[in-house]
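Here is a short report on one protein chain. Keep the sequence and the 3D view open as you read.

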Amino acid sequence: MTGVDALLVALGAVAVGAAVLVVATKHLVRAGLYLVVCLGALAGMYLVLSAELVAWVQVLIYVGAVVVLLLFAVMLTRAPIGASDDLDRPGWPAALIGGGVGLGLAALLVDAYRWTKVELPEAGTAERIGEQVFGSWVLPFEVLSVLLLSALVGAIVLSRPDIGRSPDRRSAVNADAVDGDGGGRGRSR
């Protein structure tokens with residue numbers, strides 16, 4: 001086993017451990033931070049495999065954008081951040097299904113390659129990857145950008161209680177806020 005193999009195994013262990021913590025934690029913000037560690041370990045694996053562009057895209061898009069979008073969505077929607085007792089369920093069915101799927105995929109991988117060495121193609125350049133992304137894959141790339149934009153707009157709409165209400169209800173909500181009466185209770189009619 002070479003040093004590169006040992007580094008890949010170590011980064012893989014960090015990625016798997018962080019992924020387990022993402023699923024196992026009861027705190028949403030901590031799950032987002034564990035996701036950062038998992039995706040960072042994957043970016044490190046890409047660096048070890050001499051795919052620098054893919055590693056930096058991983059860091060910029062997934063770590064920098066998706067996780068930040070997740071954390072902003074939590075903050076904007078005022079979702080509960082701490083542990084939630086009402087969502088606790090037994091974890092053994094999920095562990096059993098996940099373990100079965102993992103073993104099935106491992107068996108499929110072993111059966112497909114039979115421990116043979118696979119020749120890797122030459123490393124891609126930024127120019128070749130750019131030609132593929134903005135040539136053959138431009139439509140999925142644009143659909144993904146529209147999807148992320150709509151998720152951001154949806155998070156903003158969900159976080160603002162005054163958007164989408166009729167003008168008379170909006171003025172009633174504002175009047176309640178000025179009176180200091182949160183739900184209109186205690187007012188004489």
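At what angle do helix α2 and α3 pack, and how far apart are their axes? The angle is about 175 degrees, and the axes lie 8 Å apart. Keep in mind that this is a predicted model.

## The chain as a whole

The chain holds seven helices and zero strands. Read from the N terminus, its elements run α-α-α-α-α-α-α.

The chain has 189 residues, and 12% of them count as buried.

## How α2 meets α3

Helix α2 covers residues 28-48. Helix α3 covers 52-76. Angles over 145 degrees count as roughly antiparallel. The angle here is about 175 degrees, so α2 and α3 are roughly antiparallel to each other.

Which residues of the two helices meet? On the α2 side they include Leu-28, Gly-32, Leu-35, Leu-39, Ala-43 and Tyr-46. On the α3 side they include Glu-52, Trp-56, Val-59, Val-63, Val-67 and Val-74. By class, the contact of α2 with α3 has 19 nonpolar, three polar and one charged residues.

## The largest pocket

About 600 Å³ of space lies in the largest pocket. Its lining is made of 19 residues. Which of them lie nearest the centre? They are Val-57, Ile-61, Tyr-62, Phe-141 and Leu-144.

Three helices each supply at least two residues of the lining: α3, α5 (126-136) and α6 (138-159). The largest share comes from α3, with eight residues. How does the lining divide by class? There are 16 nonpolar residues, three polar and no charged.

## A look at Thr-77

Where does Thr-77 lie? It is in the loop between α3 and α4, and α4 spans 92-113. Thr-77 has 32% relative accessibility, so it counts as partly exposed.

Leaving out residues up to four places away in sequence, it touches Ala-155, Leu-158 and Ser-159. Gly-154 is 77 residues from Thr-77 along the chain, yet their C-alpha atoms are separated by 9.9 Å.

Note on methods:
Residues are numbered from 1 along each chain as its sequence is written. This is a predicted model: local features need pLDDT of at least 70, side-chain atom pairs count only at pLDDT 80 or more; totals for chains, interfaces and linings use all residues. Side-chain values use heavy atoms; hydrogens and water are left out. On a 1 Å grid over the protein atoms alone, a cavity is a set of points where a 1.4 Å probe fits but cannot get out, and a pocket is an open set with protein on both sides within 12 Å along at least five of seven lines; lining residues have an atom within 4 Å of a point. Grid points are joined across faces, edges and corners, and a volume is the space filled by probe spheres set on the points. Helices (H or I, at least four residues) and strands (E, at least two) are DSSP runs, numbered from the N terminus. Ala, Val, Leu, Ile, Met, Phe, Trp, Tyr, Cys and Pro count as nonpolar, Asp, Glu, Lys and Arg as charged, and the others, Gly among them, as polar. Buried means under 20% relative accessible area, exposed over 50%, partly exposed in between (1.4 Å probe, protein chains only). Contact means heavy atoms within 4.5 Å. Axes are lines fitted to C-alpha atoms, for helices over the stretch in contact, and angles run from 0 to 180 degrees between N-to-C directions. Angles under 35 degrees count as roughly parallel, over 145 as roughly antiparallel, 65 to 115 as roughly perpendicular and the rest as oblique.
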